[in-house]
Amino acid sequence: MQPFQYQFIDPAKTVSFTGYRPEKIRISDPDNKNLFTRMQTDLLDTVHELAERGDHTFLSGMAEGFDLMAARAVLLAKNQYPSLELICVIPFPQQSRFFADYWKREFDSIKKDSDYQIILSDQYGRWIYHRRNDFLFANCSVMVCYYDGQRGGTHYTLETACKHNREIINLCKTPKADKALTNLKKYHK
């Protein structure tokens, strides 16, 4: 299926987020007790920088972890940049059904406070997360991610973004992450 673009989204001024769910980020891992706070700060700083350079629309795939943290950062940044728009790209209406309580509350709150919600399908299908990821890269010029080389949806989305020459900003600041993203970009030049 060819990724589709929405007529009211200007990809040249749009940013998408992609990153790991909590179990992959290991937010609750005792070795990374400050990671959650650092990620929130990095996300907010990044959204501010992007807003300053003229990017005004932000797409979140609304998954637990990085996606919802990024969406929250956009909502917080709207206090300083009221023209920012947050669009929730929801794969199917029951997406949050199996989320942990904290993330389910975040999902509901962010969805309520967002500017728009795009629901890609009225029901779950094995393909729906790929369709969401394809929508994210097809409708942006910049992808902000948290990526350290682990396989999965984030890897797929970044691989596709590299093939289509999207700017990628990785908030995972480890040598392993730098190497993984460099290899991904090199492979898809």
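**Close-up 1. Cys 145 has a bridge partner in strand β6.** In β6, Asn 170 is the bridge partner of Cys 145. Please keep in mind as you look that this is a predicted model. The two strands in view, β5 and β6, pair in the parallel sense over four bridges. Strands of a sheet can pair either parallel or antiparallel, and they do so through backbone hydrogen bonds.

**Close-up 2. Strand β5 is largely enclosed.** Are the residues of β5 buried or exposed? Five of the five are buried, so the strand is largely enclosed by the rest of the structure.

Close-up 3. To find your place, look for Phe 17, which stands opposite Val 144 in β5.

**Close-up 4. Strand β1 pairs with β2 as well.** The pairing of β1 (residues 14-19) with β2 (residues 57-60) is again parallel, over three bridges. Which residue of β2 does Thr 14 stand opposite? Its opposite number is Thr 57. Helix α2 (residues 35-52) packs on the sheet and touches β1, β2, β5 (142-146) and β6. The direction of α2 makes about 170 degrees with that of β5.

**Close-up 5. Six strands form an open sheet.** Now put the strands together: their order is β4-β3-β2-β1-β5-β6, with parallel pairing.

**Close-up 6. Helix α6 belongs to a β-α-β unit.** Together, β5, α6 and β6 make a right-handed β-α-β unit. Within this unit, take a look at His 155, which lies in helix α6 (residues 153-163). His 155 has a relative accessible area of 9%, and because buried means under 20%, His 155 counts as buried. What is His 155 in contact with, leaving aside its neighbours within four places in sequence? The contacts of His 155 are then Tyr 147, Gln 150 and Leu 184.

Notes: Residues are numbered from 1 along each chain as its sequence is written. This is a predicted model: local features need pLDDT of at least 70, side-chain atom pairs count only at pLDDT 80 or more; totals for chains, interfaces and linings use all residues. Side-chain values use heavy atoms; hydrogens and water are left out. Buried means under 20% relative accessible area, exposed over 50%, partly exposed in between (1.4 Å probe, protein chains only). Contact means heavy atoms within 4.5 Å. Two strands pair if DSSP finds at least two bridges between them. Axes are lines fitted to C-alpha atoms, for helices over the stretch in contact, and angles run from 0 to 180 degrees between N-to-C directions. A crossover is right-handed if, with the strands pointing away from the viewer, the path from the first strand over the helix to the second runs clockwise.
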